[in-house]
Amino acid sequence: MRVVRATGVPDGATLGDAAACIAGGGTLIFPTETVYGIGCAPDNGDAVAAIFRAKRRPADKPLAIHVAWPEQASQFARVLTPSARRIIERLWPGPVAIVVERAPDTARAAALGGPTISLRCPDDAACAAILRATGPLAATSANISDQPAFDGGQAELDALPDATLAIITGPTRLRQESTVVDCTGDIPRILRLGVVDEATIVSA
């Protein structure tokens with residue numbers, strides 16, 4: 001694994017390396033405001049499989065799609081329910097992911113062929129620059145399954161799963177995982193409670 005350390009938003013050369021990594025079918029470790037993620041191109045089945053192997057991830061847990069702009073969510077969703085739209089409008093970019101019905105022929109590898117997909121728009125300048133360079137990424141937290149997520153706070157990188165390229169920008173701002181909300185129905189349902197609390201989701 002090649003590791004690049006950056007301060008703040010990565011420079012053009014590093015962003016170019018990230019784009020080349022994803023275009024070439026590689027896997028990328030990158031910062032978000034919550035914890036570091038490991039990602040790949042959403043429709044590259046071999047790269048998705050590499051993430052599962054590197055993380056020792058259960059085979060039935062799909063990856064989430066990370067987008068640079070809220071507007072990109074619509075390309076992966078068959079429909080955005082009112083609850084999904086409210087969260088996108090009021091809480092994105094931010095540490096909350098929404099589960100929606102997946103648009104046909106999009107991110108099939110990331111979703112493991114399932115009918116739904118999780119979407120997230122991180123609130124982190126370095127992450128946004130990387131996503132603009134690479135395009136949307138199918139990703140999950142950069143840790144071995146059942147181990148603590150990597151927040152960049154420790155000096156050693158031994159806990160990270162293997163990847164083609166890792167961009168390390170230092171400690172993440174929130175150091176806690178995102179909240180995941182099922183927005184396939186009229187009423188949002190929290191699947192995993194993280195940074196964003198239930199009251200904020202309900203009032204969105």
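This note walks through the fold, the cores and a few individual residues of a predicted model.

1. Ground rules. Residues are numbered from 1 along each chain as its sequence is written, and side-chain values use heavy atoms, with hydrogens and water left out. Because the model is predicted, local features need pLDDT of at least 70 and side-chain atom pairs count only at pLDDT 80 or more, while totals for chains, interfaces and linings use all residues.

2. Overall fold. The protein chain has five helices and eleven strands. These are DSSP runs, numbered from the N terminus: helices are H or I with at least four residues, strands are E with at least two. The C-alpha atoms fill a box of roughly 45 × 35 × 30 Å along the principal axes.

3. Of the 204 residues, 55% count as buried. Buried means under 20% relative accessible area, exposed over 50%, and partly exposed in between (1.4 Å probe, protein chains only).

4. Main core. The largest nonpolar core has 43 residues. Such a core is a set of buried Ala, Val, Leu, Ile, Met, Phe, Trp, Tyr and Cys residues joined through side-chain atoms within 4.5 Å. Ile29, Ile65, Ile87, Trp92, Ile98, Val100 and Leu119 have the most contacts inside it. Elements that each supply at least two residues of this core include helix H2 (45-55), helix H3 (82-91) and strand E6 (96-102).

5. Second core. A separate core of 17 residues includes Cys21, Ile22, Leu28 and Leu131.

6. Leu165. Where does Leu165 sit? Leu165 is in strand E9. Leu165 counts as buried because its relative accessibility is 4%. Beyond neighbours within four places in sequence, Leu165 is in contact (heavy atoms within 4.5 Å) with residues including Arg2, Val4, Cys21 and Leu28.

7. Backbone points to check. The peptide bond from Trp92 to Pro93 is cis, with omega near -10 degrees. Pro93 lies in the loop between H3 and E6. Asp146 is not a glycine, yet has a positive phi of about 75 degrees. Asp146 lies in the loop between strand E8 (137-141) and E9, and counts as exposed at 79% relative accessibility. Arg175 also has a positive phi, near 55 degrees. Arg175 is in the loop between E9 and strand E10 (179-182), and is partly exposed at 45%.
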